[in-house]
Amino acid sequence: WEQKPLDNNRPWSKTMNKLLATLEPGIAIQGPFRGLRISPENTPLEAKVEVVWGRAYLGLFPEYHDIIALRGGVFEYTRREKGTPEHWTLGNKEDTRLRWLVDGGHMESVWALAEKVARRIGIDEIRVDIFIDPERPEAPAVNEISLSSAHNYLFHSPYLARAWIGPHLKRQLKASGRESGDEEVRMWNAPKIRATTKDVHLQTLAAS
């Protein structure tokens, strides 16, 4: 109970550790994943889903680093440029390796579960890692969550950042008493996403 969680060796360690310091000690009991393991390393197929303001934005797959899942049954296939990982490009080559996730209804269940978790917590941004059972599309299972993802979101990074910060900027603007802000920065009121009475979505700014 005396152990303090830390998120060291990251660019955001100072801010993140302020948040972690507010956590109360506790335990969570998690049942085993009993689905079929079909990944190359004989592990469950996992989708890492970024949820912003209660809406799932994209999903990544640890075993398939060149595929990004988006809403509406869309997959983006990235071509890795050797030596320049920051500038991967969107490929045009058709790839059907994970198309069965859409055809079988798995991705809709994955999006729904990730959003449910985020809303139960009542948080503005979170990554929800989900195991997929190929035999039961209606029953994905949460593996873990991450409040500070180290993944490279490539060309989606600036859009994720804008989607997250817009409501925070709007709230700051209201608090300052100003009527308008920078016209080049999009701002909007925070969606009502919380399925909890605890107001936790302000924690990021409170720790900065």
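In this predicted model, residues 24 or more positions apart account for 58% of the contacts in the chain with a separation of 6 or more. The chain has 208 residues, and 38% of them count as buried. Five helices and seven strands are present, and from the N terminus on they run in the order α-β-β-β-β-β-α-α-β-β-α-α.

In soluble globular proteins, nonpolar side chains tend to be buried together. Here, the largest nonpolar core holds 25 residues, of which Val49, Val51, Phe61, Phe75, Leu98 and Leu101 touch the most other members. At least two residues of this core come from each of strand 1 (45-52), strand 2 (55-61), strand 3 (64-70), strand 4 (74-79), helix 3 (106-121) and strand 6 (125-132). Helix 3 supplies the largest share, seven residues. Apart from this core lies another, of nine residues, including Val52, Trp53, Ile68 and Leu70.

Leaving aside residues up to four places away in sequence, Val49 touches Ala56, Leu58 and Gly59, then Val110, Trp111 and Ala114, and finally Ile126, Arg127, Val128 and Asp129.

With a relative accessibility of 11%, Lys48 counts as buried. Its side chain makes a polar contact with the side chain of Asp129, at 3.4 Å. Beyond residues up to four places away in sequence, Lys48 touches Leu58, Gly59, Leu60, Pro62, Arg127, Val128, Asp129 and His151.

Trp53 sits in the loop between strand 1 and strand 2. The phi angle of Trp53 is near 55 degrees, a positive value in a residue other than glycine. At 6% relative accessibility, this tryptophan counts as buried, and Trp53 is also among the members of the nine-residue core.

A pair of aromatic rings is described by the distance of the centres and the angle of the planes. Two such pairs are counted in the model. In one of them, Phe33 and Phe131 are tilted, with 5.2 Å centre to centre and 55 degrees between the planes. Phe33 lies in the loop between helix 1 and strand 1 while Phe131 lies in strand 6, so the pair ties together parts that are 98 residues apart in sequence. Phe33 and Phe131 are both buried. The other pair, Phe61 and Phe75, is edge-to-face, with 6.5 Å centre to centre and 65 degrees between the planes. This pair links distant parts of the chain, with Phe61 in strand 2 and Phe75 in strand 4, 14 residues apart. Phe61 and Phe75 are likewise both buried, and both are listed among the core residues that touch the most other members.

His156 is found in the loop between strand 7 (141-146) and helix 4 (157-176). A relative accessibility of 8% places His156 among the buried residues. The side chain of His156 makes a polar contact with the side chain of Tyr57, at 3.1 Å. Residues up to four places away in sequence aside, His156 touches Tyr57, Leu58, Ile68, Leu70 and Glu76. Ile68 and Leu70 are also members of the nine-residue core.

Helix 4 itself holds Trp164, whose side chain makes a polar contact with the side chain of Asp124, at 3.0 Å. Trp164 and Glu125 are 39 residues apart in sequence, yet 6.8 Å apart in space, C-alpha to C-alpha. Finally, a charge over an aromatic ring is seen with Arg162, whose charged end sits over the ring of Tyr159, 5.5 Å from its centre.

Definitions and conventions: Residues are numbered from 1 along each chain as its sequence is written. This is a predicted model: local features need pLDDT of at least 70, side-chain atom pairs count only at pLDDT 80 or more; totals for chains, interfaces and linings use all residues. Side-chain values use heavy atoms; hydrogens and water are left out. A nonpolar core is a set of buried Ala, Val, Leu, Ile, Met, Phe, Trp, Tyr and Cys residues joined through side-chain atoms within 4.5 Å. Buried means under 20% relative accessible area, exposed over 50%, partly exposed in between (1.4 Å probe, protein chains only). Helices (H or I, at least four residues) and strands (E, at least two) are DSSP runs, numbered from the N terminus. Contact means heavy atoms within 4.5 Å. A polar contact is a pair of N or O atoms within 3.5 Å; within protein, one must be able to donate a hydrogen and the other to accept it, and residues adjacent in sequence count only if both atoms are side-chain atoms. Rings of Phe, Tyr and Trp (its six-membered ring) pair if their centres lie within 6.5 Å; planes under 30 degrees apart count as stacked, over 60 as edge-to-face and the rest as tilted. A charge sits over a ring if NZ of Lys or CZ of Arg is within 6 Å of the ring centre and within 35 degrees of the ring normal.
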